[in-house]
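Please study the sequence and the structure before reading on.

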Amino acid sequence: MKRSRSLILSLVTVLTAALGAAWVAMPAYAAGPTATFAKLSDWGTGWEGKYTITNGGGTTINGWSLAFDLPVGTTVGTYWEALLSSSGQRHTFTNRSWNGTIAPGGSVSFGFLGSGPGSPTNCQLNGADCGGAPPPTTPPPTTPPPTTPPPTTPPPTDLPTHILTGYWHNFDNPAVELRLRDVPAEYDVVAVAFAEATATPGAVTFAVDPGLAASLGGYTDTDFSADVQTLKSRGKKVIISVGGEAGRITVNDAASAVAFSDSVHALIQRYGFDGVDIDLENGLDPTYMAQALRSLRDRVGSGLIIAMAPQTIDMQNPATGYFKLALDIKDILTVVNTQFYNSGAMLGCDQRFAYSQGTVNFIVALACIQLEAGLRPDQVGLGLPAGPGAAGGGVVAPSVVNAALDCLTRGTSCGSFRPPRTYPGLRGAMTWSVNWDVTNGNAFSRTVGPHLDTLP
């Protein structure tokens, strides 16, 4: 999130390291269907794998199923060009609707990301050894993309199934200034931007900005506190957002974790906030931030909303930073509203193409990474700018946001990228910001808000 009118556009160049493919040799068999595995890259904590299925027989293969084992401690994350079902450490990939037929001499491939040091073993293709054997007379059936089942642990808050979140400016900039009580009714969650750092590492503070108060002709902390209660009386949730683009809050040891928990808890008690939003755009330590948030939840209770607003680049690697934090506190996390803007072009969950920001493909392919790497659909939200002035890049029409929501929840209105399954429980959308939305005629909230109510 940004305070100034001109946001800093951080274009991310996708770099692919040529690490060399390590092919795994298979035993020799008579000509027939075979499957070979290669690790295309390995970065220590994880790797990219690829299976190539070749029809060395004389008859067409109509449908394929490839299964293998991974050792304990090694898991499958994002995958592409196949469907996946898993039982323990046994993983079975089956063809998609478009790549199930393999003519004699032809081949198809699929890929996936592995986390951990292990490699596939005990590979079977259509029930036979991957080294080669005649295909079974009855191929496995081809199935449509599955629907992600409902989360096993329902969110503990009384939020709607799908929510619209917007950030409210506690500062004066070229966007329209608003009293908190004047936030449009379409918003379900209002994130107050921002709590700021103090001289004590980890601690934060909040008060109505003097510049905003002057622009509004007088607006005090008492007025603000009353407005928090007014929104809550309307059934809305109000949370305090920590950080922002200019925020320099550091939680990197036990003492700062305690200071963070103590100070946010004090703000919740003083103003009546329903939760906290982590919007640290200059990095965070997932271990100590997790400690701070668990401590805060223990003090507030299960109704505490815990939201995050990472940048797109922060949600690429499940083993680091924001992504690791989200997975580490998955049991108490409410929603991650990734900022799908100011990002440039980035790889999606298919790991094949760099999708350009400002498109349905970009939003869906990047959200897919989170949905396939462990977050429940009800913990994933789509963050987009509320029109001109709100971001340096990635601004889209509200209709594009609705198309991305439909693609992810229904499998309709997709671009060239289609996710491996649908996610009816997707949490919703977020925008930076309420003030920019009002400045631009409320187009975002009046288009996206009602559409959320139509989702499955």
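Three strands, β13 (163-169), β18 (305-308) and β19 (335-339), each contribute at least two residues to the lining of the largest cavity. Strands here are DSSP runs of E with at least two residues, numbered from the N terminus. The model is predicted: local features require pLDDT of at least 70 and side-chain atom pairs pLDDT 80 or more, while totals for chains, interfaces and linings use all residues. Residues are numbered from 1 along each chain as its sequence is written, and side-chain values use heavy atoms, with hydrogens and water left out.

On a 1 Å grid over the protein atoms alone, a cavity is a set of points where a 1.4 Å probe fits but cannot get out; a pocket is an open set with protein on both sides within 12 Å along at least five of seven lines; lining residues have an atom within 4 Å of a point. Grid points are joined across faces, edges and corners, and a volume is the space filled by probe spheres set on the points. The structure contains 1 cavity of 30 Å³ or more. Among the residues lining the largest cavity are Leu159, Val189, Ile239 and Asn337.

The table sets out the volume and lining classes of two spaces. Ala, Val, Leu, Ile, Met, Phe, Trp, Tyr, Cys and Pro count as nonpolar, Asp, Glu, Lys and Arg as charged, and the others, Gly among them, as polar.

| Space | Volume | Lining residues by class |
|---|---|---|
| Largest cavity | about 40 Å³ | 7 nonpolar, 3 polar, no charged |
| Second largest pocket | about 230 Å³ | 9 nonpolar, 1 polar, 5 charged |

Of the 15 residues lining the second largest pocket, Glu81, Trp98, Asp350, Phe417 and Arg418 are the closest to its centre.

Strands of a sheet pair through backbone hydrogen bonds, either parallel or antiparallel.

Asp129 belongs to strand β12. Its relative accessible area is 34%, so Asp129 is partly exposed (between buried, under 20%, and exposed, over 50%, with a 1.4 Å probe and protein chains only). Asp129 and Pro33 lie 96 residues apart in sequence and 9.3 Å apart in space, C-alpha to C-alpha.

Note on methods
Helix = DSSP H or I, 4+ residues; strand = E, 2+ residues; numbered from the N terminus.
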